[in-house]
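Here's a quick briefing to keep beside you while you turn the model around. Have a look at the sequence and the structure, then read on.

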Amino acid sequence: MPPRLFDPSSTAPFALSRSKVELFLDCARCFWLDRRQGIARPSGPPFNLNSAVDQLLKNEFDRYRAAQQPHPLMTEAGLHAVPHAHPQLAAWRENFKGVRSVHRETGFELFGAIDDLWRDLDSGALIVADYKATSKAGEVSLDAAWQISYKRQMEFYQWLLRRQGLEVARRGWFVYANGRRDRPAFDARLEFTIRMIPYDGDDGWIEGTLAAIREVLVGGEAPPPAAGCEFCSYAARAAGTGVPAQPRSATRRAPAAKAKPATRSVTGDLFSDSAPPPAQASRRRGA
């Protein structure tokens, strides 16, 4: 079934995923074409190895959730917490379901699928955890400009959960798996270094962004392309000259995490591809 497109005359809540909000921030024109005309950006290949790492990490943390014991990664990071056994966690993790909230001011039903939810044993606040995977030389971090999309993803999940009436800690954690390339042989296995990276979220940008999205959607014409949008640049060049444009990447703000990360080396059977660019990073969950 094709996605439901935005109808300015409709009074029914319009479903809008976290990834579509990110698309708007990346390029309002691409977003308008997607949600008003059904013209989506070309999709890339599925990140199957990322999805495998994601599922294996969920399986691993679920074992500690069942026992209500801290995962060793939590202990090594100095966290006094356990994986939280919320009755809706399975639904909140599911693609195209996720955590959902109707935003009455705009008429949007916002949703996003989380990876994990932990509970601080001292304060009782819930901690959003997000799994990431890559394979690169050197240590993983959140310092690249394009990783602002990861940070906004964390903040959006925190915002959604707070709208469920839950106390959510400002500090979330990225569980970042890095497939090692310095082993002498493959031997049908890959080793990982896992780094726990804290991030103090600020969801203050969301309300204004939703209002801006509403304004764009009710408009009868597509807004201008974002500076540096490789998709709009390609389309304009191809339409005008038949010559494809050279891809360009937009510059994004990238605030640094504020606490010392913890790392651990593990061995696994699968690894992920290199971290995808912002336009593709959210596709592994569809939310």
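Is Phe 96 buried or exposed? Phe 96 is exposed, since its relative accessible area is 57% and the cut-off for exposed is over 50%. Keep in mind that this is a predicted model.

**The whole protein**

- The protein has nine helices and nine strands.
- It runs to 287 residues, and 45% of them count as buried.
- Take the contacts with a separation of 6 or more: 73% of them are between residues 24 or more positions apart.
- The accessible surface is about 13900 Å², and carbon and sulfur atoms hold 53% of that.

**Helix H1, the enclosed one**

- Helix H1 covers residues 18–26, and seven of its nine residues are buried, so the rest of the structure largely encloses it.
- The buried residues of H1 are Arg 18, Ser 19, Val 21, Glu 22, Leu 23, Phe 24 and Asp 26.
- As for what covers them, the list includes strand S1 (14–17), H2, strand S4 (108–112), helix H6 (148–162) and H7.

**How H2 meets H7**

- A handy reminder here: a pair of packed helices is described by the angle between the axes and by the distance between them.
- For helix H2 (residues 28–37) and helix H7 (residues 206–218), the axes come within 10 Å and cross at roughly 60°.
- That angle makes H2 oblique to H7.
- The crossing of H2 past H7 is right-handed.
- On the H2 side, the contact is made by Ala 28, Phe 31, Trp 32, Arg 35 and Arg 36. On the H7 side, it is made by Ile 213, Val 216, Leu 217 and Val 218.
- Sorted by class, the residues of this H2–H7 contact are seven nonpolar, no polar and two charged.

**How H6 meets H7**

- H7 also packs with H6: their axes come within 11 Å and cross at roughly 95°.
- H6 and H7 are therefore roughly perpendicular to each other.
- Glu 155, Phe 156 and Trp 159 are the H6 residues in this contact, and they meet Ile 206, Glu 207 and Leu 210 of H7.
- The class count for H6 with H7 is four nonpolar, no polar and two charged residues.

- Most residues other than glycine have a negative phi.
- Gln 68 has a positive phi, near 50°, and is not a glycine.
- You'll find Gln 68 in the loop between helix H3 (48–67) and helix H4 (72–76).
- Gln 68 counts as partly exposed because its relative accessibility is 33%.
- Phe 96, the residue we opened with, has a positive phi too, near 65°.
- Phe 96 is in the loop between helix H5 (89–93) and strand S3 (99–103).

- Cys 30 is part of helix H2.
- With a relative accessibility of 8%, Cys 30 counts as buried.
- What does Cys 30 touch, leaving aside its neighbours within four places in sequence? Its contacts are Leu 23, Ile 39, Arg 41, Cys 229, Phe 231 and Cys 232.
- Among those contacts of Cys 30 is Leu 23, one of the buried residues of H1.
- Cys 30 and Pro 224 are 194 residues apart in sequence, yet 9.3 Å apart in space, C-alpha to C-alpha.
- His 84 is in the loop between strand S2 (81–83) and H5.
- His 84 counts as buried because its relative accessibility is 14%.
- Setting aside neighbours within four places in sequence, His 84 is in contact with Arg 65, Leu 89, Leu 117, Trp 118, Arg 119 and Leu 126.

**A glycine in a loop**

- Gly 124 is in the loop between strand S5 (116–120) and strand S6 (126–134).
- Gly 124 counts as partly exposed, at 38% relative accessibility.
- Gly 124 and Ala 81 are 43 residues apart in sequence and 8.9 Å apart in space, C-alpha to C-alpha.

Key: Residues are numbered from 1 along each chain as its sequence is written. This is a predicted model: local features need pLDDT of at least 70, side-chain atom pairs count only at pLDDT 80 or more; totals for chains, interfaces and linings use all residues. Side-chain values use heavy atoms; hydrogens and water are left out. Axes are lines fitted to C-alpha atoms, for helices over the stretch in contact, and angles run from 0 to 180 degrees between N-to-C directions. Helices (H or I, at least four residues) and strands (E, at least two) are DSSP runs, numbered from the N terminus. Angles under 35 degrees count as roughly parallel, over 145 as roughly antiparallel, 65 to 115 as roughly perpendicular and the rest as oblique. A crossing is left-handed if the near helix is turned anticlockwise from the far one by less than a right angle, and right-handed if clockwise. Contact means heavy atoms within 4.5 Å. Ala, Val, Leu, Ile, Met, Phe, Trp, Tyr, Cys and Pro count as nonpolar, Asp, Glu, Lys and Arg as charged, and the others, Gly among them, as polar. Buried means under 20% relative accessible area, exposed over 50%, partly exposed in between (1.4 Å probe, protein chains only). Accessible areas come from the Shrake-Rupley method with a 1.4 Å probe; for residues, only the protein chains shown count as cover.
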